[in-house]
Each structure stands twice: as structure tokens, then as C-alpha cells.
Amino acid sequence: MPQPNTPLPYLIIDFDSTFTQVEGLDELADIALQGHPDREKVVGEIRALTDQGMSGSLSFSESLKQRLALLPARREHLPLLVAQLKGKVSESIVRNRGFFEQFPGRVYIVSSGFREFIEPVVADFGIAADHVLANTFTFDATGRITGFDPENVLSRDGGKILQLRELDLEGDVYVLGDGYTDYQIREAGLANRFYAFTENVSREAVVARADEVLPSFDEFLYQNKLPMTLSYPKNRIKVLLLENPDVRAAELFRAEGYQVDSVPGGLDEEELLERIEGVSILGIRSKTQVTARVLERANRLIAVGAFCIGTNQIDLTEAMKRGVAVFNAPFSNTRSVVELALGEIIVLARRIPEKNPKMHQGEWDKSARGSFEIRGKKLGIVGYGNIGSQLSVVAEAVGMQVLYYDVAEKLQLGNAVRCRTLQELLQQADVVTLHVDGRKDNTNLIGAAELAMMKPGALLLNNARGHVVDVPALAAALRSGHLGGAAVDVFPYEPKTNDEGFESELRGLPNVLLTPHIGGSTAEAQRNIAEFVPERIMQYINTGNTQQSVNFPNIQLPLQQAHRLIHVHANVPGVLARINNVLAEHHVNILGQYLKTNEHIGYVITDIDKEYDQEVIQALRAVEHTIKFRVLY
Ligand SMILES: NC(=O)c1ccc[n+]([C@@H]2O[C@H](COP(=O)([O-])OP(=O)(O)OC[C@H]3O[C@@H](n4cnc5c(N)ncnc54)[C@H](O)[C@@H]3O)[C@@H](O)[C@H]2O)c1
Ligand SMILES: O=C(O)CC[C@@H](O)C(=O)O
């Protein structure tokens, strides 16, 4: 690791809920009370006492005394506790193990917890026993923990202050902790700074007094320009989620340590322009337009997540040219759309959109007129991609004969028959269903001429994109009775929120089923999407893997013991050579490298074998035609 530029201050680090994610005594209570009939009640009481002691509402020594009195713990419980705590060290501390191993002499663990479990946990990080200042248990002859050594200064109120006085450290002292007793060291003038560590727990009273708040240890290292494993603290990564993706998405981003902001509904361009600065990850669905103007304003944007299939709402080329990777969920809601389409075919074939409102108005209209079975009927699928081809299988299973038309060569599933032209399909199908993508060229793919080619009484479904169908022409074909019905889920203009009204020429027409773009709106699909998209984005941020990005060259380089650099540049000759010259000039050896280009950009992942210094980084950033450069770890 590179050396810090200035002498390192002494770091006084609390153990419970700071070095580890949990309170040692709470964990011990859990172990000691296994099988105890009042386990939950007693553990709850112990936790409450811990909290009161930490926030300063109960004196520390009183809190400790009362907790130990409630605890039927024994010496033989301690190895179990240590093993448990080793698995619960705070994630950012684990991540920066190298820092502790490099500077063990500058770190003290000062804790009101107990040496018996602290010492073995921190030893794994190179922190020696004489840098652990903590209480010690007392035991009776049978091995039961009876209390604590009252001679130890840390068992008293203000114990940490007394301990720091005894230590008498020379030079700067910084305290990192989650409790009031940690802050007291600074208050007593024994530390230059107090950092409230909130990765595991955040106490209002403590945060209010802190010089700085640390959502992670990375943030401390970053602020103090100290060597760290990540190049950038995750808590500085801001996520903006629009259009209500499933809550799981925010949960996953938060669990990764990112800051998450959500705005229900969509934002129009002006509103998004106001919100986009400083955002690293933007999450949208089908409504939000990510335009060139938005991308220009997006000064920190790393990735856009489309929490849906369609990405026609995003200026993909502009995003690519600005080094912003876009990810979507290409098949998380496929099945939901297929099920909706199948339901719609049956519902239209039975003229339910007419019969259902009549029933609600008290009208009994029992008749078979215009109603038919779908068995044996011809289903024409336009766009035989993920949705189209899956619908093909399901429709055959209920006895339909499938025809399909696709501009690309596609694997023909089951007994489906390929049509060589759209016209061929339109002329034969009893039901036409659209599943083409939302590319601009597909605007008005189905207009008056195409509708006229359809069989009299045929049905049309559009669950793809609103602009694919010429809506006035469709309305005319329905009004004239040429078409027997239609189901439409997507519209050229869709309301921004549920508070906005819906206007369309299709309203009130016979046998027309209108739905508010809910093809993919099922619990299963939304959950799948909310897991799929954040996973892809986090993989990109953490490893550079762009597999399944819709606008970046797809690269995956296996992880290895190395430092990883990623570089996005304009696709002009010689950039890779220049990157490698910089590395060679700085005697940096390349362990692995993968470059892939497309018509606009080149994307290269480089693994190097040794510590990089700021000079190499600056030189790489300065390589001509660089769009984005990031050091991952
Ligand atoms: N209603 C909803 O809620 C909802 C949900 C999911 C997806 N969608 C939309 O459904 C559509 C299909 O999704 P998918 O996942 O199957 O996409 P996909 O990319 O897998 O398939 C689209 C297919 O359409 C073909 N195609 C494109 N233009 C064509 C044309 N003019 N004629 C014939 N074939 C053409 C492509 O070659 C491709 O095979 C997309 O527009 C998507 O945005 C809507
Ligand atoms: O949920 C959405 O907003 C869009 C759903 C669908 O059109 C998609 O593209 O996946």
C-alpha cells in the first residue's frame, strides 16, 4: 500500500458496534441463554441496557453491572462468542484489513467490552494485545462469569477518559466510535477529532456531537487520504430511483452502502435536470426520458438501470459516448407479459370487455354472437424475441396455430410457422399480437394499410410500445367493425403519475380492453427486476463486468489478486498502446487485460500487479481520448 503523505494520527477505535457489527455482551447473552424459557425477554432487557449506556441515558458502570447480573454466562461460552464475533466484524473494517496490518502501532482498541473476546478478534487484524484496552471478567470457581474487575479504569464512569489519560499519547488522536463514551474522550480534550461510526448503528445524540459522521471506515480513510482498499467510499455513491421499482432495489443498494433517494412517479426532463447532478446511479422504468441534455448535466453518472425491458426511453448512444453504462432486465417480466397476452386473447375472443360493464350496470346479455374458442385459431406473432417466442410455446399448448414474423432470423419453436413478410402474417392471422422492440423505425409499424390487410373480425394486441401502432387508424378500424376487438397496454403518450388522467381515441370503443402499461407489473416480475438490475450495476461498479449492458461492449475479466483499472475511451486508433505505455513508463506490470470496442467507444479492463500511485492515475486520466477512468480496487 502507498504510504500516507502526513504522519498517521493515533486511532482510538471502539469495539462493540464499531469494530464489529454487534455488541459483544448481547451476543454472549444470546449464547448463554440458549434454551432458556425467558431467553427473548432477558436478551431484550440486556439490549435495552446496552443502548441506555451507549446513548448516555444510564451511567455506563450501572448499565454494565445490570447487564452482567442478568447474564448466566460461563467461561466455556467465550470460544463460541469469539467465533461468532469473528464472522461479524464490520464490513468496511474487513475490507480494509490491509490498513490495520500496515499500521498496527497507530491503532488502539479502547472498549468498555471485555478483553476475553476482543483480543482474539482484533489479533486477526494484526492488533497486538497491548493495544487492546478493555475490561476483564471475573469468574467463580465453577467458571460462571460473576462480574468485572473493578480495578480496571474502563469499568468506571468516564473510564475511556481515564484510560486515555493513562495512555498519554503524543501527537494527533482521532476517536472512532458509535457511543457517547467515545465522544467523551474528545469532550475531555484528549482527542483532536471524534468520528461517529454509523455503519452498524446510528445514535442521534452521538451523531449530533461528532466532528464527522462515518457511514463506513472507507470514508474515514478517504477523508484522511489514507491507503484504502476501494478507490472511492461506497457511501458517497448516490442512487436516484424513479417510478417506484420494487422496494428490494433500494434495499440492495443500501446494503451495498450506497445512499438511496426515491421519487415516486416519473420526472420530466426539466425536473430530472434539477435532480441529476451528483447522482452516480439512476434507476428508471419506461416513462423517464434520459435525454442528451440530462446526460450532459449528469456530472457523476456511472450507470443507468432500466427497471424494465425497454430502453428506448434512454439515449443509449449519448450515454455510451459519455461513458455511462446502461443495464436493463431483459427477461425478468417476460412471463408476465406472456400471461397477460394469453388472457387478453381469450377475453377478447369472448367479448368480455363488452359484457363485463353491462353486468355491472345490471344488464343480462347472454349471447354467443361474435364469441369463439381460441383452439385451432391462427395467432400471428410480430416480433419473435423473448416475449414473442415464449408466447408461441404457451399459445400452442392451448391449441392455437402459431405464425410469426421477425426481421431477424429466429429459432422456430414447436410447430410455429415463419412468415416471410408482415403482410403474409397479417392476411392469415385471427389474432395479431405485437412484440417488437421500441426502436424508432417501428413507429406506426401497424397503420391504416396494415390494419386493412387483417382478416375481418380479427383481433389486435399491442403490449409492446405505444408508438408501434397508429392509434387513430386503429380506432377507425374498430369503429368501422373491420376489427373484432383490441387489447392495448401501451400508448404513445402515457400519464406521468396515477394522478394524471388518461386520454385516448380508443376509450369507449366496443370490445377494446385498455390497461395502464401493466404487462410487466406483477409481484414476481417486479421483484425479479429489482434484484436483477442492481446486481448488474453493482457488478459493473465493483468489478468492471459489463455483461448484459445494453450500450457498452460486454466484457468480463475473471477476478484475480490484482489492482483493477477500467478505462472508457473514444474508439480511435492507439489508445490501448498509450495506456500501456503509461503503465510501462511507471514499471507497472499488467496481469490481465481485455479490450472490446464498438463503433463509438473502447472499453478496457486492466489488472496490474502492484500499488498504483497518484502519478500513474493522473497519467492514465490524461491519456488522449479518455472518456472515463476508474480505479476499482
Ligand atoms: N407492456 C409491458 O409492460 C411490457 C413489458 C415488457 C416488455 N415490453 C415490450 O415488449 C417488446 C418485446 O420485448 P422482448 O423482451 O420480447 O424484446 P426482444 O428484443 O427480445 O424481441 C423483440 C423482437 O422484435 C423483433 N423486431 C424488431 N422490429 C421488428 C419489426 N419491425 N418486425 C418484426 N420483428 C421485429 C426483433 O428482431 C426481436 O426479435 C418490447 O417493445 C418491450 O419494450 C412491454
Ligand atoms: O414497468 C414499466 O414501466 C415498463 C414495463 C415494460 O414496458 C418493459 O419495458 O419492461
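Glu 219 is found in helix H12, which spans residues 217–223. The model shown here is predicted. Start with this one residue. Glu 219 has a relative accessible area of 5%. Buried means under 20%, so Glu 219 counts as buried. Its side chain has a partner. A polar contact of 2.9 Å joins it to the side chain of Asn 235.

The shell around ligand 1 holds 29 residues. Those that come nearest are Ile 387, Asp 406, Val 436, Asn 442 and Asp 489. Sorted by class, the shell has twelve polar, eleven nonpolar and six charged residues.

Val 436 also takes part in a polar contact. One of its polar backbone atoms is 2.7 Å from an oxygen atom of ligand 1. Gly 519 uses its backbone too: an N or O atom there lies 3.2 Å from an oxygen atom of ligand 1. Lys 410 reaches ligand 1 with its side chain. A polar atom of that side chain lies 3.2 Å from a ligand oxygen. How much of ligand 1 does the protein bury? Taken alone, ligand 1 exposes 870 Å², and the protein buries 90% of that.

Ligand 2 comes next. Which residues surround ligand 2? They are Arg 285, Ser 286, Cys 308, Ile 309, Gly 310, Asn 333, Arg 465 and His 517. Four residues of this shell are polar, two are nonpolar and two are charged.

Three of these neighbours can be followed atom by atom. Ser 286 works through its side chain, where an N or O atom is 2.7 Å from an oxygen atom of ligand 2. On its own, ligand 2 has 290 Å² of accessible area, and the protein covers 91% of it.

Now look for empty space. Rolling a probe the size of a water molecule over the atoms shows where such space is left. The structure holds four cavities of 30 Å³ or more. The largest cavity has about 120 Å³ of space. Its lining is made of 16 residues. Closest to its centre are Asp 16, Glu 23, Met 54, Ser 112 and Gly 113.

Which elements each supply at least two residues of this lining? They are helix H2 (24–32), helix H4 (60–70) and strand E2 (107–114). Strand E2 gives the largest share, with four residues. By class, the lining of the largest cavity divides into six nonpolar, five polar and five charged residues.

The second largest cavity has a volume of about 50 Å³. Its lining consists of Phe 60, Ser 112, Leu 154, Arg 156, Gly 158, Gly 159, Lys 160, Ile 161, Thr 181 and Gln 184. Two elements give two or more residues to this lining: helix H9 (159–167) and helix H10 (180–187). Helix H9 gives the most, with three residues. Five of the lining residues are polar, three are nonpolar and two are charged.

Terms used: Residues numbered from 1 in each chain as written. Chains lettered and ligands numbered in written order. Predicted model: local features only at pLDDT ≥ 70, side-chain atom pairs only at ≥ 80, totals over all residues. Heavy atoms only, no water. Near = heavy atom within 4 Å. Polar contact = N/O pair within 3.5 Å; in protein donor to acceptor, adjacent residues only side chain to side chain. Areas by Shrake-Rupley, 256 points an atom, 1.4 Å probe, with all protein chains shown as cover. Nonpolar A, V, L, I, M, F, W, Y, C, P; charged D, E, K, R; others polar. 1 Å grid on protein atoms, 1.4 Å probe; cavity = no way out; pocket = protein on both sides within 12 Å on 5 of 7 lines; lining within 4 Å. Points joined across faces, edges and corners; volume = space filled by probe spheres on them. Buried < 20%, exposed > 50% of the residue type's maximum accessible area, 1.4 Å probe, protein only.
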